[in-house]
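Hi there,

Here is the structure I promised to pass on to you. Have a look at it first, and then read my notes below.

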Amino acid sequence: MSIKLFELLLQAAISTVTISVVSILIGFAIAIIVSAMLLSRQRLLALQARIFISFFRGVPLLVQLLLIYNLLPAIGMNVPSIVAAIIGLSLCTAAYQAENLRGGFSSVPTGLVESGEMVGMTPVQIFRRIKAPIALRLTFPALVNEAILILKASSLVSVVGVVELTRMAQDLAGSTFLPLEIFASAGLIYLVINWIVALAGGLIERSLPGVPR
């Protein structure tokens, strides 16, 4: 396989990483809200959060992407394919991240929270200094794993017309009649990207405050 073909795959890989990173960050922001709703004492909020999680965890991502891609124009929102893809990935990862965060917040020792209350800490201070650091430390490995899963799942956005690594590999394999070399190179690129994510996640995890291992 020529250097030119490999460069085209690398350019598509940049698109894959960009879509994935943006989706993960947006999804994390949504997940914080959804996890807070899950832990809320208001049953209606908790019910809405459970419905959100059940839908986006229960319906295949491929179906979600196609549904969002066709739904947005139907309600008058004509957005680029890449935007529809990011929305779909963000909502999907938000459901999984919300469950991870809920588990983390539920695992925070009540004694630490009570100690914070006894020394006069406000609810915001307790959340910022006790709950959030510990919950993030407890759930960080799961969040990194979810990021890797989204990076791999981003290959599905090709169904809505977005040219990312897998779509580029398919196009090049069809035009060059070198499927083995092309897909092997694409697989190697995915492997390197996910290895970097896992390595960076491990380094960040060790620097996080919270409950020591």
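A residue is called buried under 20% relative accessible area, exposed over 50%, and partly exposed in between, using a 1.4 Å probe and protein chains only. Please keep in mind that this is a predicted model, where local features need pLDDT of at least 70 and side-chain atom pairs count only at pLDDT 80 or more, while totals for chains, interfaces and linings use all residues. Residues are numbered from 1 along each chain as its sequence is written, and side-chain values use heavy atoms, with hydrogens and water left out.

Let's start with the aromatic rings. Rings of Phe, Tyr and Trp (its six-membered ring) pair if their centres lie within 6.5 Å; planes under 30 degrees apart are stacked, over 60 edge-to-face, and the rest tilted. Three aromatic pairs turn up in the whole structure. In one of them, Phe55 and Phe56 are edge-to-face, because their planes stand at 85 degrees, with ring centres 4.9 Å apart. Phe55 is partly exposed at 34% relative accessibility, whereas Phe56 is buried at 11%. Together with Phe52, Phe55 and Phe56 form one aromatic cluster.

Phe105 and Phe127 are stacked, since their planes are at 20 degrees, and their centres are 5.6 Å apart. Phe105 sits in helix 4 (residues 81–106) and Phe127 in helix 6 (residues 123–153), so the pair ties together parts 22 residues apart in sequence. Helices here are DSSP runs (H or I, at least four residues), numbered from the N terminus.

What does Ser35 touch? Leaving aside residues up to four places away in sequence, Ser35 touches Ala98, Leu101, Arg102 and Phe105, where contact means heavy atoms within 4.5 Å. Ser35 lies in helix 1 (residues 3–38) and is buried, at 2% relative accessibility.

Best wishes

How values were computed: Helices (H or I, at least four residues) and strands (E, at least two) are DSSP runs, numbered from the N terminus.
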